[in-house]
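This briefing is for a reader who is meeting the structure for the first time. Please look over the sequence and the model below before reading on.

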Number of protein chains: 2
Amino acid sequence: VNTTATTHESKGIVGILGGMGPLATIDFMRKMLDATPARNDQDHVPVVVSSVPQIPDRTAAFRGEGESPLDAMVASGRRLVRAGAALLVMPCNTAHLWFDELQQALGVPMLHLVDAALEDAVASVGAERRIGLLATDATLASGLYLNRRTPAGAAHDIHWQLPTADEMTRWVLPGIAAVKAGRLPEAGEPLTQAVLALQRRGAAAVVLGCTEIPLALDAAHVSLPLIDATASLARRAVAWSLGQQRLAGSTA
Amino acid sequence: VNTTATTHESKGIVGILGGMGPLATIDFMRKMLDATPARNDQDHVPVVVSSVPQIPDRTAAFRGEGESPLDAMVASGRRLVRAGAALLVMPCNTAHLWFDELQQALGVPMLHLVDAALEDAVASVGAERRIGLLATDATLASGLYLNRRTPAGAAHDIHWQLPTADEMTRWVLPGIAAVKAGRLPEAGEPLTQAVLALQRRGAAAVVLGCTEIPLALDAAHVSLPLIDATASLARRAVAWSLGQQRLAGSTA
């Protein structure tokens with residue numbers, strides 16, 4: 001077997017640490033395809049995926065009610081590194097609570113989902129305006145988005161608009177649960193109500209900080225920009241890989 | 001990092017040699033999810049995927065007009081083995097023209113897409129009846145399905161019904177091309193015509209031997225069983241993994 005082709009082809013492989021959950025992993029892969037200017041199969045960026053869903057529940061671990069998912073995430077990440085991944089991404093918001101520990105254990109470059117979403121949010125409205133956030137209880141309570149530093153170059157910190165506890169209970173959490181149960185049509189109405197409430201309180205854009213929400217929320221029903229955090233990450237993963245391939249091409 | 005969990009979780013990992021093309025890979029992953037009785041993320045079977053689409057064109061190679069894809073397929077398969085895959089599957093019909101060489105080079109168990117489809121076809125109508133086949137020109141001309149041995153236990157060989165050259169040119173190839181170009185609504189009508197022609201000549205079921213065809217063909221418009229070869233392979237991959245996990249559970 002000739003290995004010359006192998007060396008060439010393995011530039012810029014994106015490793016997707018998936019399985020949290022398996023459907024969100026597939027959705028992310030689809031968003032990477034959508035973000036790629038491709039005329040044929042060969043134009044698409046190379047990815048390796050570890051969708052090994054036997055990872056302890058992230059939300060339960062955050063609540064202190066279950067074991068840590070870190071060991072299983074490290075094992076999954078090592079699989080991707082052995083398979084040739086040069087960059088890792090995780091299409092799951094809650095998993096990012098273990099991002100720093102994971103990156104330290106693996107020693108591989110990783111792109112952070114929240115950084116990708118914040119960059120797109122700030123570019124969409126400017127940092128001096130209010131940005132709404134829809135996410136799970138765990139993502140909000142952990143401060144995953146709220147404590148993340150504003151992207152370099154932004155003039156001001158982001159002014160967040162969050163759902164109230166009542167809006168979470170009535171609209172956001174039932175909407176997410178309906179998507180998880182495969183009842184998408186039921187989820188659109190309550191999630192749209194949650195967006196409109198944020199807009200009434202001054203949000204100029206809304207970040208969808210949960211992989212389930214964009215699956216149900218029809219952008220056609222709202223008049224402000226929606227930033228799908230998963231899509232933001234997918235676009236950056238594609239851009240990184242295409243950049244690596246150009247770099248390899250120019251030095252070959 | 002504790003490695004006990006890793007040892008346990010890595011039982012029955014299915015390796016998907018994908019990227020041929022990237023969208024068919026995602027479709028196959030979705031069919032594996034659909035074939036799994038799961039109440040939560042953790043119930044889904046573990047998979048690793050190599051979707052590295054920088055593989056020379058399989059149809060061009062079959063026609064003798066391009067380089068062999070074998071080296072790139074072997075490299076992709078080795079990635080999956082390094083990532084922990086204990087079984088390999090390929091959600092691409094044409095790639096199976098290199099199945100035997102690939103299996104020999106990798107030395108890993110593999111499930112054959114055509115065997116999976118033939119088993120389902122025979123189970124659906126019985127081997128003494130006629131079975132239609134819709135596939136690309138290369139799949140038909142190579143005899144990939146036609147020369148494959150009937151599943152063990154079938155009373156008779158399969159009696160194939162193929163599209164005529166005229167039906168291929170008018171319906172099958174334009175239908176497949178429309179799906180590849182993302183124009184799904186245009187593809188349904190010609191592919192349905194092709195199915196009806198096979199039915200008029202006595203086909204009791206039709207095997208869809210091309211990953212693109214099931215994406216467009218609405219089963220509601222035809223009255224005979226359609227066997228989606230990709231779905232047949234997905235069900236067997238899931239069954240293999242669940243079997244490995246039961247085995248590991250009973251000896252633990």
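Residues are numbered from 1 along each chain as its sequence is written, chains are lettered from A and ligands numbered from 1 in the order in which they are written, and side-chain values use heavy atoms, with hydrogens and water left out. The model scores ipTM 0.88 and pTM 0.90.

**Confidence**

- Chain A has a mean pLDDT of 89, and 92% of its residues reach 70 or more; pLDDT is the predictor's confidence in each residue, from 0 to 100.
- Over residues 1-8 of chain A, pLDDT stays under 50.
- For residues 1-8 of chain A the model has 4 contacts beyond four places in sequence, a contact being heavy atoms within 4.5 Å.
- Where pLDDT is low, the predicted coordinates should not be read in detail.

**Contact between the chains**

- In chain A, 40 residues are in contact with 39 residues of chain B.
- The two chains, A and B, bury about 3,500 Å² between them, and 58% of this is on carbon and sulfur atoms.
- Buried area here is the accessible area (1.4 Å probe) that two parts lose on being put together, summed over both.
- Between chain A and chain B there are 2 salt bridges, where a salt bridge is a side-chain nitrogen of Lys or Arg within 4 Å of a carboxyl oxygen of Asp or Glu.
- Arg58(B) and Asp41(A) meet through their side chains in a salt bridge, at 3.2 Å from N to O.

**The sheet with strands of both chains**

- Helices (H or I, at least four residues) and strands (E, at least two) are DSSP runs numbered from the N terminus, and two strands pair if DSSP finds at least two bridges between them.
- Strand 1 (residues 14-17) of chain A runs parallel to strand 3 of chain A, and 3 bridges join them.
- Gly15(A) has Leu88(A), in strand 3 of chain A, as its bridge partner.

**Parallel strands within a chain**

- In chain A, 4 strands form an open sheet with parallel pairing in the order 5-4-6-7.
- Strand 5 (159-161) and strand 7 (226-228) of chain A each have a single partner strand, so one side of each is left without a neighbour in the sheet.
- Neighbouring strands of this sheet are turned by 30° against each other on average, direction ignored.
- Strand 4 (residues 130-134) of chain A pairs with strand 5 of chain A in the parallel sense over 3 bridges, and Arg130(A) stands opposite His159(A) there.
- In chain B, 5 bridges join strand 4 (residues 130-134) to strand 6, and the two run parallel; Ile131(B) is opposite Ala205(B) in strand 6.
- Strand 6 of chain B also pairs in the parallel sense with strand 7 (residues 226-228) of chain B, over 3 bridges, with Leu226(B) in strand 7 as the bridge partner of Val206(B).
- Of the 6 residues in strand 6 (residues 203-208) of chain B, 6 are buried; buried means under 20% relative accessible area, exposed over 50% and partly exposed in between (1.4 Å probe, protein chains only).

**Salt bridges**

- Over all chains the structure holds 26 salt bridges.
- Lys31(B) and Asp27(B) form a salt bridge, with the closest N and O atoms 2.8 Å apart.
- Lys31(B) and Asp27(B) lie 4 residues apart in helix 2 (residues 22-34) of chain B, which means about one helical turn separates them.
- Both Lys31(B) and Asp27(B) are buried.
- Asp43(B) is joined to Arg39(B) by a side-chain salt bridge of 3.0 Å, N to O, and Arg39(B) is exposed at a relative accessible area of 75%.
- A network of salt bridges links Glu119(A), Asp120(A), Arg235(A) and Arg236(A).

Note on methods: Predicted model: local features only at pLDDT ≥ 70, side-chain atom pairs only at ≥ 80, totals over all residues. Axes fitted to C-alpha atoms, helices over the stretch in contact; angles between N-to-C directions.
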